[in-house]
Amino acid sequence: MIQLYPASTRYTVKNDWLESNLSFSFGEYYDPSNIRFGPLRVFNDDTVQPGRGFGIHPHREAEIVSIVLKGQLKHEDNLGNAGIIGTGSIQRISAGTGVLHSEFNASNQEEVQFLQLWFSPDEKKLTPSYEDITYDLEQMHNQLLPVISHTGSERVAKIHQDLTLYLSRLDGKETLTFRQEEGRRIYVFTIDGELSINNDNILKTRDAARITDLPEITIQASKDSFFLLIDLPGGEF
């Protein structure tokens with residue numbers, strides 16, 4: 001089954017320094033029918049104005065992934081980690097038993113746009129940890145490039161959940177086929193462009209699809225497109 005979620009269905013929070021488009025219940029937005037998709041609990045599409053950001057705040061029992069789409073994001077935490085990530089970088093925080101961190105726009109001139117995803121971990125009471133990796137932008141041209149995985153490697157951040165997150169830039173009219181084991185889930189989000197899934201399910205910019213009971217899908221770009229795909233476990237969460 002393929003369920004489409006147009007960008008217009010997201011809940012928007014906006015003030016003088018932040019615009020956040022929420023795909024799942026978060027903060028002031030609560031919808032009991034839209035809490036999670038498997039272990040995927042939060043998918044926020046954030047734009048932060050120059051020099052502003054999220055001050056020090058706590059997290060626990062969550063795997064937090066940040067993907068910068070434009071600009072630079074500055075991170076600091078109580079584990080001693082500090083740095084700046086930009087386009088071509090992924091940040092993963094395992095909050096585990098508890099972590100304090102902040103995220104700010106590193107620029108005083110340009111806004112930063114990033115996706116922040118939270119996943120339920122596959123194990124409770126993990127020791128908090130941090131990782132950032134840089135991936136090769138050319139390696140996602142017309143193919144699915146893994147950037148987050150439960151296995152991890154030099155250019156793939158390790159996450160404590162049975163999932164893999166892929167990024168891809170697909171030329172117009174090009175097609176990709178994705179296969180997974182029976183009983184798993186697929187989440188697709190079009191960052192930019194326009195895609196079709198199995199020919200007749202259209203995803204425009206910032207649209208999403210939640211897919212179950214289809215271990216194989218075909219993705220075609222009607223124009224040059226940038227998207228992410230997450231291979232998620234089935235079962236109850």
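Stop 1: Select Asp-45 and Arg-10: Asp-45 is buried, and so is Arg-10. Buried is under 20% relative accessible area, exposed is over 50%, and partly exposed lies in between (1.4 Å probe, protein chains only). Before moving on, note that this is a predicted model, where local features need pLDDT of at least 70, side-chain atom pairs count only at pLDDT 80 or more, and totals for chains, interfaces and linings use all residues. Residues are numbered from 1 along each chain as its sequence is written, and side-chain values use heavy atoms, with hydrogens and water left out.

Now show the two side chains. Those of Asp-45 and Arg-10 meet in a salt bridge, 3.0 Å from N to O. Asp-45 sits in strand 4 and Arg-10 in the loop between strand 1 (2–5) and strand 2 (11–14), so the pair ties together parts that are 35 residues apart in sequence. Strands are DSSP runs (E, at least two residues), numbered from the N terminus. A salt bridge here is a side-chain nitrogen of Lys or Arg within 4 Å of a carboxyl oxygen of Asp or Glu.

Stop 2: How many salt bridges does a search of the whole structure find? Ten. Pick Arg-52 and Asp-16 next. Their side chains form a salt bridge at 3.9 Å, N to O. Arg-52 is in the loop between strand 4 and strand 5 (53–59), and Asp-16 is in the loop between strand 2 and strand 3, so this pair links parts that are 36 residues apart in sequence. Arg-52 is partly exposed, at 36% relative accessible area. Asp-16 counts as exposed, at 61%.

Go on to Arg-184 and Asp-231. This salt bridge is 2.8 Å, N to O. Arg-184 lies in the loop between strand 16 (175–179) and strand 17, and Asp-231 in strand 20, so the pair ties together parts that are 47 residues apart in sequence. Are the two partners buried or exposed? Arg-184 is buried, with a relative accessible area of 12%. Asp-231 is buried too, with 11%.

Stop 3: Colour the aromatic side chains. The whole structure holds eight aromatic pairs. Start with Tyr-11 and Tyr-29, which are stacked: 4.8 Å centre to centre, with 5° between the planes. Tyr-11 lies in strand 2 and Tyr-29 in the loop between strand 3 and strand 4, so the pair ties together parts that are 18 residues apart in sequence. Tyr-11 is partly exposed, at 30% relative accessibility. Tyr-29 is buried, at 14%.

Next, Trp-17 and Phe-54. Their ring centres are 5.3 Å apart and their planes stand at 75°, so the pair is edge-to-face. Rings of Phe, Tyr and Trp (its six-membered ring) pair if their centres lie within 6.5 Å; planes under 30 degrees apart are stacked, over 60 edge-to-face, the rest tilted. Trp-17 is in the loop between strand 2 and strand 3 and Phe-54 in strand 5, so the link spans parts 37 residues apart in sequence. Trp-17 is buried, at 16%. Phe-54 is partly exposed, at 23%.

**Stop 4: an exposed tyrosine.** Select Tyr-30, in the loop between strand 3 (18–22) and strand 4. Tyr-30 is exposed, with a relative accessible area of 59%. Leaving aside neighbours within four places in sequence, Tyr-30 is in contact (heavy atoms within 4.5 Å) with Ser-25 and Ile-35. Tyr-11 is 19 residues away in sequence and 9.6 Å away in space, C-alpha to C-alpha.

**Stop 5: an aromatic cluster.** Select Phe-24, Phe-37, Phe-43, Tyr-187 and Phe-189, which form one aromatic cluster.

**Stop 6: charges over rings.** Arg-185 lies over the face of Phe-37, at 5.8 Å from the ring centre. Arg-210 lies over the face of Tyr-5, at 3.7 Å. A charge sits over a ring if NZ of Lys or CZ of Arg is within 6 Å of the ring centre and within 35 degrees of the ring normal.

**Stop 7: the cores.** Which residues touch the most other members of the largest nonpolar core? Tyr-187 and Ile-230, in a core of 30 residues. Such a core is a set of buried Ala, Val, Leu, Ile, Met, Phe, Trp, Tyr and Cys residues joined through side-chain atoms within 4.5 Å. Elements that give two or more residues to this core include strand 4 (40–48), strand 17 (185–197) and strand 20 (216–232). Strand 20 gives the largest share, four residues. Apart from this core lies another, of 17 residues, among them Ile-186, Ile-219, Phe-227 and Leu-229.
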